[in-house]
Amino acid sequence: MSGMQLQSASPALTLQGSQQSEASVTKATGAESKPKKKICCACPDTKRLRDECIVEHGEEACAKWIEAHRLCLRAEGFNV
């Protein structure tokens, strides 16, 4: 009886492993795909915050907003 339980658990484990590898492939190909927007139009919220901070406080004081905008652009598929 315990042999049957192992056999029924085995396909489930195999399925979970295949789902993880498919997700990895999807993420890898998604990151390499061409961006759908122009860089000037991507991430308007982080761009506005970054620009306002730089104007008011200078570039050195706005590193967190600059990095947030870069991360957003990378998420959109840009290589920055």
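Ile66 sits in helix α3 of this predicted model, where helices are DSSP runs of H or I with at least four residues, strands are E runs of at least two, and both are numbered from the N terminus. At 14% relative accessibility, Ile66 falls in the buried class; buried means under 20% relative accessible area, exposed means over 50%, and partly exposed covers what lies in between, with a 1.4 Å probe and protein chains only. Once residues up to four places away in sequence are set aside, Ile66 touches Arg50, Ile54 and Glu59, a contact being heavy atoms within 4.5 Å. Ile66 and Leu49 are 17 residues apart along the chain, and their C-alpha atoms are separated by 8.8 Å.

A quick note on ground rules: this is a predicted model, so local features need pLDDT of at least 70 and side-chain atom pairs count only at pLDDT 80 or more, while totals for chains, interfaces and linings use all residues. Residues are numbered from 1 along each chain as its sequence is written, and side-chain values use heavy atoms, with hydrogens and water left out.

Zooming out, the protein has three helices and zero strands, and its elements read α-α-α from the N terminus on. Of its 80 residues, 11% count as buried. The accessible surface comes to about 6600 Å², and carbon and sulfur atoms hold 58% of that; the areas come from the Shrake-Rupley method with a 1.4 Å probe, and for residues only the protein chains shown count as cover. Take the contacts between residues at least 6 apart in sequence: 51% of them join residues at least 24 apart.

Now for the helix pair. Helix α2 and helix α3 (residues 63–75) pack at an angle of about 155°, their axes 9 Å apart. That angle makes α2 roughly antiparallel to α3. The axes here are lines fitted to C-alpha atoms, for helices over the stretch in contact, and angles run from 0 to 180 degrees between N-to-C directions; under 35 degrees counts as roughly parallel, over 145 as roughly antiparallel, 65 to 115 as roughly perpendicular, and the rest as oblique. The crossing of α2 and α3 is left-handed, in that the near helix is turned anticlockwise from the far one by less than a right angle, clockwise being right-handed.

On the α2 side, the residues that meet α3 are Thr46, Lys47, Leu49, Arg50, Cys53 and Ile54, and their partners in α3 are Trp65, Ile66, Ala68, His69 and Cys72. This contact divides into seven nonpolar, two polar and two charged residues; Ala, Val, Leu, Ile, Met, Phe, Trp, Tyr, Cys and Pro count as nonpolar, Asp, Glu, Lys and Arg as charged, and the others, Gly among them, as polar. Thr46 itself belongs to α2 (residues 44–57) and, at 18% relative accessibility, counts as buried. Neighbours within four places in sequence aside, Thr46 is in contact with Ala68, His69 and Cys72.

Cys43 is placed in the loop between α1 (2–32) and α2. Cys43 is buried, with a relative accessible area of 6%, and its phi is near 55°, a positive value in a residue other than glycine. Glu76, in the segment after α3, touches Cys43 along with Pro35, Lys37 and Ala42, not counting residues up to four places away in sequence. At 33% relative accessibility, Glu76 counts as partly exposed. Glu76 and Lys36 lie 40 residues apart in sequence and 7.7 Å apart in space, C-alpha to C-alpha.
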